[in-house]
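Try each task on your own before reading its solution.

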Amino acid sequence: MEIKKLTLNNFMLFENTEIDWAKNINIICGENSTGKTTLLKVMYSVLKPLSRGSKEALSKEMEEQLFVSKLQGVFRPDGMKIGRLVSRKQGSNRTDFMIELDKNQRVSIGFGNRQENHADVKVQTVAPQFKCDVIYIPTKEMISTTEHFASLYEEYHIDFEEMYYDLAKLLDRPLSKGPNTTEQNEVLKSFEEIMKGQIVQRDKKFYLKIKGEGEFEMGLLSDGYRKLSMIVYMILSGSIRKDTILFWDEPETNMNPKMIRPIVQAMVALARMGVQIFVTTHDYFVQQEFNMLTVYPELNQNELDTRFMSLYRDEKTNDVKIEMQKTASDLKHNAIMQEFDAIYDREQRVI
């Protein structure tokens, strides 16, 4: 499964937007409040309900409620009114958005700003079984809190977006039966070399087992190792496999810069395995590690299709604009590099 295009009309910050995505890796950067996370959330909200199985088993009303409920849980608008996701304008307004996938499959959703829990949903597919494996990794790691999170979320009103709950359920899965694929084994080997150990799950608790040193519970590890551990376990349980779509929101959060390269190497390994990746970042090191992959062919022998997107505001209208390039170096609007240059200039003035 591969996302080819996203179209947004009057959805939150985006008025009339069409985005053609790269097949393998997409890096999204920009200043705060320009909609980076919104792009990940809307694609996840549209595709996640399809991972539940056959759409033919659902009535039209049940299908609609699956999509509405996911939009509500992921975006959490006031009063759970999905109409609040429509661009704010005076009077009546409406949003329509669509995801186009490979094999001419598409999902389109639309609703007005006065709607609370109703949407027009259309799913176009080439087969009765429309299965789409999608995973969202939010800014906070979940592997150290998996033991009780899912049950608490189901029983109480916890102010967490639904991606955290979905991730906790994936981490609660048992290991898959049968041997791993060749691609999975190659990725797992590279991860174990980075982490110097293996992931062990016991009684819904996770440990990093290091040869000659013993087992370390996740709460004692750095955020970088916890995030890598999540990826490893989801590969072992079969949640991440070929044709999975992975959304990762700011992987650098709470991360020591020394862990950035291993995290990027991990994502590149997943892309080689056949996972389509979408990453948002504010981090210079994340952007440049991916940029080296595109600038130097010897680092990209698999010829992974990679694109860099910059979100920025028009100086005159304040509208959010989009720029897409094949290298970060070619971006004319690059908030990360602009601030890097600005701090260099400030230092030079001091000197």
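**Exercise 1. Find the bridge partner of isoleucine 28 in β12, then describe the surroundings of that strand.**

Step 1. Isoleucine 28 has threonine 280 as its bridge partner in β12. A note on the ground rules: this is a predicted model, where local features need pLDDT of at least 70, side-chain atom pairs count only at pLDDT 80 or more, and totals for chains, interfaces and linings use all residues. Residues are numbered from 1 along each chain as its sequence is written, and side-chain values use heavy atoms, leaving out hydrogens and water.

Step 2. Strand β3 (residues 25-30) pairs with β12 in the parallel sense over four bridges. Two strands count as paired if DSSP finds at least two bridges between them; strands (E, at least two residues) and helices (H or I, at least four) are DSSP runs numbered from the N terminus.

Step 3. Now look at strand β11 (residues 245-249), which also pairs with β12 in the parallel sense, over five bridges. Here glutamine 276 in β12 is the bridge partner of isoleucine 245.

Step 4. Check the side chains: Gln276, Phe278 and Thr280 point one way from β12, while Ile277 and Val279 point the other way. Five of the five residues of β12 (residues 276-280) are buried, so the strand is largely enclosed by the rest of the structure. Buried means under 20% relative accessible area, exposed over 50%, and partly exposed in between (1.4 Å probe, protein chains only).

**Exercise 2. Work out the strand order of the open sheet of five strands, and say which helices lie on it.**

Step 1. The order is β2-β1-β4-β5-β6, with antiparallel pairing.

Step 2. At the edges are β2 (14-20) and β6 (120-124), each pairing on one side only.

Step 3. Strand β1 (residues 3-11) is joined to β2 by six bridges, and lysine 5 stands opposite aspartate 20 in β2.

Step 4. Helix α1 (residues 36-47) packs on the sheet, touching β1, β2, β4 (94-101) and β5 (106-112); contact means heavy atoms within 4.5 Å. Helix α2 (residues 60-75) lies across β1, β4, β5 and β6.

**Exercise 3. Locate the hairpin formed by β8 and β9 and inspect its turn.**

Step 1. Five bridges join β8 (residues 198-202) to β9 (residues 205-210), and the two strands run antiparallel.

Step 2. Across the pair, isoleucine 199 stands opposite leucine 208 in β9.

Step 3. Two residues separate the strands, and aspartate 203 in the turn has a positive phi of about 55°.

Definitions and conventions:
Axes are lines fitted to C-alpha atoms, for helices over the stretch in contact, and angles run from 0 to 180 degrees between N-to-C directions.
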